[in-house]
Amino acid sequence: METKEKTLEQSLLGLGLTKSEIAVYFVLLKNGTMPTSDISKLAGLPRSTTVISLENLLKEGLIKYFEIGKRRSYLINEPKDILNLFSKRESEMNLKKIEITKAIPELESLYNIKAVSDIVVEKLSGEIGFKKAYDMTLDQKTGGEILRFGLSVKKFNFFNDYLKEYVQKKNKKKITTRLLLPKDESGLHLEVKKDDKSDLRETRFLDPNVYNPQGNIAIWGNMVSFISWDKEFHIIIVKDKYFADMMRMIFNSIWG
């Protein structure tokens with residue numbers, strides 16, 4: 001490849017074109033009007049890749065086509081139209097610069113909060129995220145405590161085998177639990193109460209007209225987890241002493 005062609009290739013790469021798109025462009029630049037099959041052959045690309053490259057070059061305004069029957073033939077626009085691509089990218093960068101400039105104050109605010117309080121937030125989802133959130137409550141000293149805002153027993157019917165193992169590990173470390181649940185008209189909540197002793201747990205019940213969430217919250221050490229009880233299980237885990245202490249005070253106020 002000649003030096004000028006290499007320079008042009010590097011420039012086009014810098015503008016966001018792929019090597020495949022550049023190969024297609026050079027084939028048309030050197031050979032004039034051609035159908036897709038011939039372009040694919042000369043560019044040394046699979047037909048599917050050639051088709052995608054042609055569509056992208058059309059969007060960028062670097063090539064055009066005409067149809068004879070059902071067959072398309074492609075040709076480049078004037079080479080100077082490459083300058084339009086430079087102008088387009090320059091405008092896009094200017095817009096991004098403006099957007100980022102506007103966002104700087106908010107980013108600095110978030111940075112300052114992180115610097116002062118050292119808050120760590122982790123987002124998880126699905127079964128793996130659910131289990132990780134529960135397992136993290138075991139990463140505390142023997143004799144620790146978990147405060148949990150629970151949800152209706154009817155809704156809590158997932159991962160039974162895992163939860164049995166979780167309780168065994170929790171008991172082994174003598175980690176106790178205080179649990180708040182909404183009452184259930186069918187009386188299922190009372191069945192949970194029966195396992196309190198074996199689970200090292202104390203359970204109390206709240207009026208479902210006041211408290212009947214679609215998720216649960218756990219507080220332990222300097223950690224708080226929020227689990228949204230939807231199809232995917234969306235979880236947020238916050239590590240921050242002040243936040244955990246605040247949630248602990250809220251729990252204790254309700255606990256009475």
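Me: When do two strands pair, and over how many bridges do β8 and β9 pair in this predicted model?
Reply: Two strands pair if DSSP finds at least two bridges between them. In this predicted model, strand β8 (residues 215–220) and strand β9 (residues 223–228) pair in the antiparallel sense. Within this pairing, Ala 218 stands opposite Ser 225 in β9. The number of bridges between β8 and β9 is six.

Me: Which strands stand at the edges of the seven-stranded sheet?
Reply: Seven strands form this open sheet, with mixed pairing, in the order β4-β10-β9-β8-β5-β6-β7. On average, neighbouring strands are turned by 15° against each other, direction ignored. An edge strand has a single partner strand, so one side of it is left without a neighbour in the sheet. The strands placed this way are β4 (120–125) and β7 (201–206).

Me: At about what angle to β6 does helix α9 run?
Reply: Helix α9 covers residues 241–255. The strands it lies across are β5, β6, β7, β8, β9 and β10 (234–239). Its angle to β6 is about 60°.

Me: Which strands are the edge strands of the three-stranded sheet?
Reply: The three strands form an open sheet with antiparallel pairing, in the order β1-β3-β2. An edge strand here pairs on one side only. The edge strands are β1 (34–35) and β2 (63–68).

Me: In β3, what is the bridge partner of Lys 64?
Reply: β2 and strand β3 (residues 71–76) run antiparallel and are joined by six bridges. Lys 64 has its bridge partner in β3, and that partner is Leu 75.

Me: What angle does the direction of α2 make with that of β3?
Reply: α2 packs on the three-stranded sheet. The helix touches β1, β2 and β3. Its direction makes an angle with that of β3 of about 85°.

Me: Are α2 and α3 roughly parallel or roughly perpendicular to each other?
Reply: Helix α2 (residues 19–31) and helix α3 (residues 36–43) pack with their axes 9 Å apart, at an angle of about 110°. Angles of 65 to 115 degrees count as roughly perpendicular. α2 and α3 are therefore roughly perpendicular.

Me: How many nonpolar residues does the contact of α2 with α3 have?
Reply: α2 gives Ala 23, Val 24, Val 27, Leu 28 and Asn 31 to the contact, and α3 gives Ile 39, Leu 42 and Ala 43. By class, one residue is polar and no residue is charged. The number of nonpolar residues is seven.

Me: How many polar residues are there in the contact of α3 with α4?
Reply: α3 and helix α4 (residues 47–59) pack at about 110°, with their axes 9 Å apart, and are therefore roughly perpendicular to each other. Thr 36, Ser 37, Ile 39 and Ser 40 in α3 meet Arg 47, Thr 50, Val 51 and Leu 54 in α4. Three of the contact residues are nonpolar and one is charged. The number of polar residues is four.

Me: Which element gives the largest share of the lining of the largest pocket?
Reply: The largest pocket holds about 690 Å³ of space and is lined by 23 residues, with Phe 156, Leu 163, Val 192, Asp 199 and Arg 201 nearest its centre. The elements that give two or more residues to the lining are β5 (145–149), α7 (160–172), β6 (176–182) and α8 (188–194). By class, the lining has twelve nonpolar, four polar and seven charged residues. The largest share, six residues, comes from α7.

Technical notes. Residues numbered from 1 in each chain as written. Predicted model: local features only at pLDDT ≥ 70, side-chain atom pairs only at ≥ 80, totals over all residues. Heavy atoms only, no water. 1 Å grid on protein atoms, 1.4 Å probe; cavity = no way out; pocket = protein on both sides within 12 Å on 5 of 7 lines; lining within 4 Å. Points joined across faces, edges and corners; volume = space filled by probe spheres on them. Helix = DSSP H or I, 4+ residues; strand = E, 2+ residues; numbered from the N terminus. Nonpolar A, V, L, I, M, F, W, Y, C, P; charged D, E, K, R; others polar. Axes fitted to C-alpha atoms, helices over the stretch in contact; angles between N-to-C directions. Parallel < 35°, antiparallel > 145°, perpendicular 65-115°, else oblique. Contact = heavy atoms within 4.5 Å.
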